[in-house]
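Let's take a walk through this chain together. Keep the sequence and the 3D view open as you read.

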Amino acid sequence: MKRTRCEECNGKIIKKKIDFRLYGISLGLFPAEVCTQCGEEIFDEETSDKIDAVAKAKGLWGLGAETKISKSGTSLAITVNKKIVDFMNLKKGEAVYIHPETKNRLVIEIQ
Ligand SMILES: [Zn+2]
């Protein structure tokens, strides 16, 4: 089914190649339908599968994961899994800057 209007805002849809980025790393150019009004980007199933395959090949698959909060003295500690440690090249003892972005989003910045 061809769409010419955006489902979100009824804006005009154009076909365009998009530099798809995951965690700030480019996975390459992929064809997408893009809304000229709200910027909504839609990939067809075949393209989505290709993007997933490239992400897996680059080791960017499954970096997002659930973790638990544990207690460390009077503070709480959050465990970072090995995939993220390797991807971000984190080291024990390294100082990071931590701040809330909203009430339910915590940002950790590597200096
Ligand atoms: Zn739109």
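The report below goes from the whole chain to its parts.

## About the model

This is a predicted model, in which local features need pLDDT of at least 70 and side-chain atom pairs count only at pLDDT 80 or more, while totals for chains, interfaces and linings use all residues. Numbering starts from 1 along each chain as its sequence is written.

## Overall build

You will find two helices and seven strands in the chain. Both kinds of element are DSSP runs numbered from the N terminus, with helices being H or I of at least four residues and strands being E of at least two. Starting at the N terminus, the order is β-β-β-α-β-β-α-β-β. The radius of gyration is 19 Å, well over the 13 Å that the globule rule gives for 111 residues, so the chain is more spread out than a compact globule. Here the radius is taken over C-alpha atoms, and the rule is 2.2 Å times the number of residues to the power 0.38.

Along the principal axes, the C-alpha trace spans about 60 × 35 × 25 Å. Buried residues account for 2% of the 111 residues. A residue counts as buried if 20 or more other C-beta atoms lie within 10 Å of its own, as exposed if 12 or fewer do, and as partly exposed in between, with C-beta atoms placed from the backbone. Of the contacts with a separation of 6 or more, 31% are between residues 24 or more positions apart; a contact needs C-beta atoms, placed from the backbone, within 7 Å.

## Two domains

The domain assignment gives domain 1 (13-57) and domain 2 (69-110). Such bounds come from an automatic or database domain assignment. The C-alpha centres of domain 1 and domain 2 are 29 Å apart.

Three strands form an open sheet in the order β1-β2-β3, with antiparallel pairing. Two strands pair if DSSP finds at least two bridges between them. β1 (13-22) and β3 (41-42) are at the edges with a single partner strand each, so one side of each is left without a neighbour in the sheet. β1 and β2 (residues 25-35) run antiparallel and are joined by nine bridges, and I18 has F30 in β2 as its bridge partner.

Helix α1 (residues 45-57) lies across β1 and β2, at about 165 degrees to β2. Axes are lines fitted to C-alpha atoms, for helices over the stretch in contact, and angles run from 0 to 180 degrees between N-to-C directions.

L22 is partly exposed, with 14 other C-beta atoms within 10 Å. Leaving out residues up to four places away in sequence, L22 touches L27, A55 and L60. L22 and A55 are 33 residues apart in sequence, yet 7.8 Å apart in space, C-alpha to C-alpha.

## The β6-β7 hairpin

Strand β6 (residues 96-102) pairs with strand β7 (residues 105-110) in the antiparallel sense over six bridges, and a hairpin joins β6 to β7 through two residues. H99 stands opposite V107 in β7, and I98 is opposite I108 in β7.

How many of the seven residues of β6 are buried? The number is zero, so β6 lies largely in the open. For β7, the number buried among its six residues is zero, so β7 lies largely in the open.

Key:
Two residues are in contact if their C-beta atoms, placed from the backbone, lie within 7 Å.
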